[in-house]
Amino acid sequence: MPVPPITVPFVSFRPMERELDAGLRAAFARVLQNSWYIEGREDEAFEQAFARYCGASFCVGCGNGLDALVLILKALGIGPGDEVIVPSNTFIATVLAVSYAGAVPVLVEPRLDTYNIDPERIEAAVTPRTRAIIAVHLYGQCAQMDAIRTIADAHGLKVIEDAAQAHGATWQGRRAGSLGDAAGFSFYPGKNLGALGDAGCVTTSDPDLAKKVRALGNYGSDAKYHHIYKGQNSRLDELQAAFLSVKLPHLDAMNAERRRIAARYCAGIANPAVVLPAVAEHCEHVWHIFAVRCAARDALEAHLAARGVGTNKHYPTPIHLQGAYRELGIPKGALPLAEEISATELSLPMYYGMTEEQVQAVIDAVNSFKE
Ligand SMILES: *Cc1c(COP(=O)(O)O)cnc(C)c1O
């Protein structure tokens with residue numbers, strides 16, 4: 001049987017790009033006209049707007065989401081000899097950031113209902129070397145920040161948000177980016193707020209931390225050719241900042257559209273073989289990823305592909321079983337929840353501009369699946 005064309009791609013940027021085409025072209029023309037490409041007025045304007053959007057006092061642009069987390073850790077003075085608690089089921093960048101800073105990542109299992117780090121398991125992972133907890137707002141839903149803060153305060157730990165999947169998500173009415181000591185965002189094109197290339201930022205309401213993050217991302221300099229730290233080069237391009245400024249005013253509407261699609265999926269999908277995602281108390285989800293679970297995940301994936309529905313897996317191999325982290329010495333079976341999620345999770349199409357026919361096609365395709 002010939003494979004049908006994918007009629008519902010896992011993701012498409014075209015509907016959004018068509019809508020914002022004139023604005024993006026004008027932003028490009030403006031940057032070219034200004035003839036200034038790194039750390040200028042576009043950066044400043046976007047940083048101010050995004051800080052305000054998140055409810056944080058400061059935003060510092062940088063090269064990407066991984067750098068954002070590394071810069072936060074370094075600015076907090078976290079490095080060799082220190083441990084940082086991270087969820088066992090995250091994109092590898094969260095864990096790599098800890099390694100880049102020179103510290104040791106300590107993996108803690110998630111809750112199976114929200115996929116976010118289980119606060120009840122954090123305490124057992126705290127040692128005298130623990131310095132911080134990175135709370136990842138996975139798939140677009142905030143982690144349980146009150147419980148995490150309580151544990152952090154009891155042990156004198158910093159709370160860092162990995163908000164790379166959670167632009168605009170709220171917890172108790174407050175936006176991701178304002179819920180910890182500092183937050184790292186990615187503007188990778190596929191994120192809810194994406195640049196037209198790599199970009200990222202740090203938000204915080206601590207003025208000293210913001211200053212140090214900015215210096216560390218600019219060769220460790222607090223003034224031109226005056227270097228107080230051995231910093232790195234991780235800055236936000238004017239061009240990307242200008243594009244992001246075009247998109248930011250549309251973020252809430254684009255997230256609302258994702259919520260509408262998610263509500264359609266939740267109401268329409270009824271298949272005993274498929275576990276739907278749950279929205280936790282106090283959370284407004286922004287559905288970066290619509291993750292379902294299915295014991296026969298690979299068969300479901302093939303079933304959907306045969307009906308023209310594109311899918312993805314987040315993430316097919318857990319961190320502790322990646323070659324890069326063999327050094328942690330965590331054997332297969334030791335983190336059963338991360339392993340369960342990686343073996344059963346399937347991400348359904350979710351993007352701004354999906355048509356009603358496409359949403360219905362996904363629902364019908366999932367409902368017609370039999371184990
Ligand atoms: C995308 C992502 C990152 C890294 O962002 P980049 O911009 O690709 O470096 C970090 N953490 C999570 C959870 C992500 O999804």
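At what angle do helix α3 and helix α4 pack, and how far apart are their axes?

## Helices α3 and α4

This is a predicted model. In this model, helix α3 spans residues 65-75 and helix α4 spans residues 92-101. They pack at an angle of about 40 degrees. Their axes lie 8 Å apart.

From α3, the contact uses Leu66, Leu69, Val70, Leu73 and Lys74. From α4 come Ala93, Thr94, Leu96, Ala97, Val98, Tyr100 and Ala101. Sorted by class, the contact of α3 with α4 holds ten nonpolar residues, one polar residue and one charged residue.

## Helices α9 and α12

Another helix pair is α9 (residues 251-268) with α12 (residues 356-367). Their axes come within 10 Å and cross at roughly 30 degrees. Angles under 35 degrees count as roughly parallel. α9 and α12 are therefore roughly parallel to each other. α9 passes α12 in a right-handed crossing.

On the α9 side, the contact is made by Arg260, Ile261, Arg264, Tyr265 and Gly268. On the α12 side, Glu356, Val359, Gln360, Val362, Ile363 and Asn367 take part. The contact of α9 with α12 has five nonpolar, three polar and three charged residues.

## The nonpolar cores

The largest nonpolar core has 43 residues. Which of them touch the most other members? They are Phe46, Phe50, Ile85, Ile122, Ile148 and Phe187. Several elements each supply at least two residues of this core: the helices α2 (41-54), α6 (145-155) and α8 (238-247), and the strands β3 (104-108), β4 (130-136) and β8 (182-186). Helix α2 gives the most, with five residues. There is also a second, separate core of 41 residues. Ile78, Ile134, Tyr139 and Ala210 are among its members.

Now take Ile85, one of the residues in the largest core that touch the most other members. Set aside its neighbours within four places in sequence. Ile85 is then in contact with Val106, Val108, Ile117, Ile122, Ala125, Val126, Thr130, Ala132, Ile133 and Ile134.

## Aspartate 118

Where is aspartate 118? It sits in the loop between β3 and α5 (119-122). Is aspartate 118 buried or exposed? Its relative accessible area is 11%. Buried means under 20%, so aspartate 118 is buried.

Which residues does aspartate 118 contact, leaving aside its neighbours within four places in sequence? They are Val108, Glu109, Pro110 and Arg111. Val108 is also in contact with Ile85.

Key. Residues numbered from 1 in each chain as written. Predicted model: local features only at pLDDT ≥ 70, side-chain atom pairs only at ≥ 80, totals over all residues. Heavy atoms only, no water. Core = buried A, V, L, I, M, F, W, Y, C linked by side-chain atoms within 4.5 Å. Buried < 20%, exposed > 50% of the residue type's maximum accessible area, 1.4 Å probe, protein only. Helix = DSSP H or I, 4+ residues; strand = E, 2+ residues; numbered from the N terminus. Contact = heavy atoms within 4.5 Å. Axes fitted to C-alpha atoms, helices over the stretch in contact; angles between N-to-C directions. Parallel < 35°, antiparallel > 145°, perpendicular 65-115°, else oblique. Left-handed = near helix turned anticlockwise from the far one by under 90°. Nonpolar A, V, L, I, M, F, W, Y, C, P; charged D, E, K, R; others polar.
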